[in-house]
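I opened the notebook to record what I looked up, one entry at a time. The sequence and the structure come before the notes.

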Amino acid sequence: MPRPVLIFDFDGTVALGDGPLLAYARAVAAHAASADALVSAVAARLAEPSGDAIDGYDVVRRVAEAEGIGDDALAAAYTASRAQLGTPDAPVAVAAGLAEFLRTTDAERLLVTNAPVTRLDEALASLGLAGLFDRIVTDAAKPAGLEALLDSLEAGTPVLTIGDVWRNDLAPAHARGHATALVGGYPDPAAHPTYRADTLDELLPALAQWVQAARLPFSA
């Protein structure tokens, strides 16, 4: 039987906090009539997530579009903000216990993110996670990219996907009968995860139990 696979999302799952989102908002605000007002509007909406946005980056996009800021400016601002990832201008945090979990779990550990590779290694190092993923996929183009990755796995591979955006991080796995774990996340009525918690550290015991159960055929 193939080794169990854990597929983690990055932003909002492994890397926590609004630092990168506010860096993105500040970069977008350079194109706004009132920079302070745009950043304040983003911060207010991040504090009270609503069902019309799928994640924090979508919040920034929606606020920017309401100000008439176009796609080219948004793309440039996003690229600029990723160059600050993990710095004091875009700080990130990590769930307590994640590093130890990744070091000790008997499963293949994948990090799959729609974000670019820019400063990803540096951010992982700052979080104490350097070298703890067996494979890292950037610019993954989820959800379609996750579907392609799942299709590439050996038949019968036990899979558990972990993320904060149902449609991108978890739905393709759920559709194939795989286990899913939703962390926090913006409201999505379509979400039916196997596990759900506000924070990743709350989920780690359940993830460990899932790996242990998935490994049972190896010890039989």
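Which residue in S2 does Val5 stand opposite? I looked it up in the model, which is a predicted one. Val5 stands opposite Glu108 in S2.

**Entry 1: strand S1 and its partners**

I followed S1, which covers residues 5–8. S1 is joined to strand S2 (residues 108–112) by four bridges, and the two run parallel. Four bridges also join S1 to strand S4 (residues 159–163), again in parallel. On that side I found Leu6 opposite Leu160 in S4.

Next I checked where the side chains of S1 point. Val5 and Ile7 point one way, and Leu6 and Phe8 point the other way. I noted that all four are buried. In a regular strand, side chains alternate between the two faces of the sheet.

**Entry 2: Thr161**

I picked Thr161, which lies in strand S4. Is Thr161 buried or exposed? Thr161 has a relative accessible area of 0%, and buried means under 20%, so Thr161 counts as buried.

I then listed what Thr161 touches, leaving out residues up to four places away in sequence. Its contacts are Ile7, Asp169, Leu170, Ala173, Ala179, Thr180 and Ala181.

**Entry 3: helix H1**

I turned to helix H1, residues 19–29. Nine of its 11 residues are buried, so I wrote it down as mostly covered. Among the buried ones are Leu21, Tyr24 and Val28. What covers the buried residues of H1? I found that the cover includes helix H2 (35–47), helix H3 (56–66) and helix H4 (71–82).

**Entry 4: the whole protein**

I counted nine helices and six strands in the protein. The radius of gyration is 18 Å, close to the 17 Å that the globule rule gives for 220 residues, so the protein is as compact as a globular protein of that length. The C-alpha atoms fill a box of roughly 65 × 35 × 30 Å along the principal axes.

Of the 220 residues, 47% count as buried. Among contacts with a separation of 6 or more, 68% come from residues 24 or more positions apart.

Last, I looked up the charges. There are 15 positive and 29 negative side chains, and the centres of the two sets lie 4 Å apart.

Terms used:
Residues numbered from 1 in each chain as written. Predicted model: local features only at pLDDT ≥ 70, side-chain atom pairs only at ≥ 80, totals over all residues. Heavy atoms only, no water. Rg over C-alpha atoms; globule rule 2.2 N^0.38 Å. Buried < 20%, exposed > 50% of the residue type's maximum accessible area, 1.4 Å probe, protein only. Contact = heavy atoms within 4.5 Å. Lys, Arg positive; Asp, Glu negative; His and termini not counted. Charge placed at Lys NZ, Arg CZ, Asp CG, Glu CD. Pairing = 2+ DSSP bridges.
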